[in-house]
Amino acid sequence: MTPPDAVRDAHSSSTVNRYLETIYCIQGEDELVRPGRLAVWLNVSPPTVSDALHRLERDGWIEVARDRSVLLTQKGSDEAAAIVRRHRLLERWMTDVLGMDWASADAEADLLSSAVSDEVVSRIDASMNFPTTCPHGNPIPGRDPGYGTLTALADLRRGQLAYVRRISEVAEHEARELLTTLGDFGISEGSVVLADRDVEETDGFTFRFGENRISVTLLAGRQIWVEPIPEGQGRN
């Protein structure tokens with residue numbers, strides 16, 4: 001039987017990892033990290049977040065400013081980057097090697113991240129020749145993703161071509177149905193899409209992928225990041 005102290009330590013470590021990863025990802029979206037945002041992302045109550053942040057600050061993982069915004073310390077940032085690296089590499093392995101769709105891979109990586117050793121993750125990384133991004137185009141910490149300047153899909157002009165480069169972490173965690181929808185149409189990192197609706201229209205955004213005409217909400221259109229293709233360059 002597992003000793004009670006070991007169970008408590010494992011639970012505490014899992015909680016720390018969840019918060020550090022979440023703070024890291026929200027910061028990666030250029031959002032200010034606040035307790036209310038964490039409560040929504042993690043689907044927990046505000047008092048639960050307050051208690052967790054108090055412990056994280058006490059243990060040197062984070063700093064909480066006077067306006068209650070949350071910042072990772074150097075210790076917290078290093079640990080968070082390691083956690084995110086592990087998650088994104090497992091996602092890449094599941095999609096590229098195991099053939100899983102990217103929505104399922106994201107969910108499975110949540111379950112496996114804490115159970116796989118650093119040795120195994122490093123071997124998986126090397127076996128894939130050290131990828132620079134997860135399947136959704138988000139960078140593996142410490143690596144250059146290699147794409148150019150990105151813009152939100154919803155900000156493209158009608159008739160403008162672009163490569164799909166990154167799906168927002170917000171969509172990964174809060175709108176996985178968007179990943180499923182894109183996957184159902186065969187859209188992945190590097191797919192070429194064509195804007196089919198003017199940015200001034202406010203009731204949604206429509207784009208084309210191959211012969212498919214796809215409509216999404218404006219919010220979803222701002223969670224898909226693309227690299228515009230210069231006019232005349234075509235689909236090369």
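Leaving aside neighbours within four places in sequence, threonine 73 is in contact with Gly60, Trp61, Ile62 and Glu63, where contact means heavy atoms within 4.5 Å. Threonine 73 is found in the loop between strand E2 (70-72) and H4, helices (H or I, at least four residues) and strands (E, at least two) being DSSP runs numbered from the N terminus. With a relative accessible area of 14%, threonine 73 is buried; buried means under 20% relative accessible area, exposed over 50%, and partly exposed in between, for a 1.4 Å probe and protein chains only. The model is predicted, so that local features need pLDDT of at least 70 and side-chain atom pairs count only at pLDDT 80 or more, whereas totals for chains, interfaces and linings use all residues. Residues are numbered from 1 along each chain as its sequence is written, and side-chain values use heavy atoms, with hydrogens and water left out.

The secondary structure of the chain comes to nine helices and eight strands, and buried residues make up 44% of its 236 residues. Among contacts between residues at least 6 apart in sequence, 65% join residues at least 24 apart.

Six of the strands form an open sheet in the order E3-E8-E4-E5-E6-E7, with antiparallel pairing; two strands are taken to pair if DSSP finds at least two bridges between them. The edge strands are E3 and strand E7 (212-216), each of which pairs on one side only. Strand E3 (residues 151-152) is joined to strand E8 (residues 224-228) in the antiparallel sense over two bridges, and alanine 152 has tryptophan 225 of E8 as its bridge partner. Strand E4 (residues 161-167) also runs antiparallel to E8, to which five bridges join it, and here the bridge partner of arginine 166 is again tryptophan 225 in E8.

Further along the sheet, strand E5 (residues 192-195) and strand E6 (residues 205-209) pair in the antiparallel sense over two bridges, with arginine 208 in E6 as the bridge partner of leucine 194. E6 and E7 are in turn paired in the antiparallel sense over five bridges, and arginine 208 stands opposite arginine 213 in E7. The hairpin of E6 and E7 has two residues between the strands, and in this hairpin glycine 210 takes a positive phi near 60 degrees. Because four of its five residues are buried, E6 is largely enclosed by the rest of the structure.

Phenylalanine 205, in strand E6, is buried with a relative accessible area of 1%. Its contacts, leaving aside neighbours within four places in sequence, are with Leu153, Ala154, Leu156, Ala195, Arg197, Ile214, Ser215, Val216 and Leu218. The C-alpha atoms of phenylalanine 205 and valine 216, 11 residues apart along the chain, are separated by 5.5 Å.

Among the helical residues, valine 121 has its place in helix H6 and counts as buried at 2% relative accessibility. Not counting residues up to four places away in sequence, valine 121 touches Arg85, Arg86, Leu89 and Val116. A separation of 9.7 Å was computed between the C-alpha atoms of valine 121 and tryptophan 93, which are 28 residues apart along the chain.

The largest pocket holds about 660 Å³ of space. On a 1 Å grid over the protein atoms alone, a pocket is an open set of points where a 1.4 Å probe fits, with protein on both sides within 12 Å along at least five of seven lines, and lining residues have an atom within 4 Å of a point. Of the 23 residues that line the largest pocket, the closest to its centre are Arg18, Glu21, Ile83, Asp110 and Ser113. The elements that give two or more residues to this lining are helix H1 (4-28), helix H2 (35-42), helix H4 (74-96), helix H5 (102-112) and helix H6 (118-127). By class, the lining residues divide into seven nonpolar, eight polar and eight charged, where Ala, Val, Leu, Ile, Met, Phe, Trp, Tyr, Cys and Pro count as nonpolar, Asp, Glu, Lys and Arg as charged, and the others, Gly among them, as polar.

A search of the whole structure finds zero disulfides, a disulfide being a pair of cysteine sulfur atoms within 2.5 Å. For cysteine 25, which is in no disulfide, the nearest cysteine sulfur is that of cysteine 134, 9.3 Å away. Cysteine 25 is buried, with a relative accessible area of 3%, and cysteine 134 is buried as well, with a relative accessible area of 0%.

Key:
Points joined across faces, edges and corners; volume = space filled by probe spheres on them.
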